[in-house]
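Okay, thanks for coming, everyone.

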Amino acid sequence: QVQLVESGGGLVQAGGSLRLSCAAAGSIFRPNVLGWYRQAPEKQRELVADIRSGGTTNYADSVKGRFTISRDDAKNTVYLQMNSLKPEDTAVYYCNVKSPYSTIYNYWGQGTQVTVSS
């Protein structure tokens, strides 16, 4: 089992910044893919960004150039630095860890609310 605990969400004005953190505990297997997803009201959950154990990153087109994902394997933590926030970034943000080789190893955090006011 893996426990993921997100923090750093909140209310910010458009153009502002937030930094999300997600600390993982339990059976952390490597290599893995750490990711941030988000779900806005009445919308499907979507990938925001992910990062592999080797450091390769992947971003949704809507956040490229504004968001940066990073990981600290010594702390079993993944971060999401969000700059130039827009009202359309408002959503619940979820942390995820999964194996690149198996669908069985796939865990989610409880989510943290990010609200961007115009």
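**Rings, a sheet and a cavity**

So, Tyr37 comes out at 14% relative accessibility, and with the buried cut-off at under 20%, that makes Tyr37 buried. Keep in mind that this is a predicted model.

Now, how many aromatic pairs does a search of the whole structure find? There are 3. Tyr37 is in one of them, with Trp108: the ring centres sit 4.9 Å apart and the planes are at 65°, so we call that pair edge-to-face. Tyr37 belongs to strand β4, residues 33-39, while Trp108 belongs to β10, residues 106-108, so the pair ties together parts that are 71 residues apart in sequence. Trp108, at 35% relative accessibility, counts as partly exposed.

Then there's Tyr105 with Tyr107, also an edge-to-face pair, at 5.3 Å centre to centre and 80° between the planes. Tyr105 is buried at 9% relative accessibility, and Tyr107 is buried at 19%.

Between β1 and β3 you get 6 bridges, and Leu4 has Ala24 in β3 as its bridge partner.

Ala24 turns up again in the lining of the largest cavity, along with others including Arg30, Arg71 and Asp73. That cavity has a volume of about 40 Å³, and its lining splits into 3 nonpolar, 3 polar and 3 charged residues.

Key. Residues numbered from 1 in each chain as written. Predicted model: local features only at pLDDT ≥ 70, side-chain atom pairs only at ≥ 80, totals over all residues. Heavy atoms only, no water. Pairing = 2+ DSSP bridges. Helix = DSSP H or I, 4+ residues; strand = E, 2+ residues; numbered from the N terminus. 1 Å grid on protein atoms, 1.4 Å probe; cavity = no way out; pocket = protein on both sides within 12 Å on 5 of 7 lines; lining within 4 Å. Points joined across faces, edges and corners; volume = space filled by probe spheres on them. Nonpolar A, V, L, I, M, F, W, Y, C, P; charged D, E, K, R; others polar. Phe/Tyr/Trp six-rings, centres within 6.5 Å; stacked < 30°, edge-to-face > 60°. Buried < 20%, exposed > 50% of the residue type's maximum accessible area, 1.4 Å probe, protein only.
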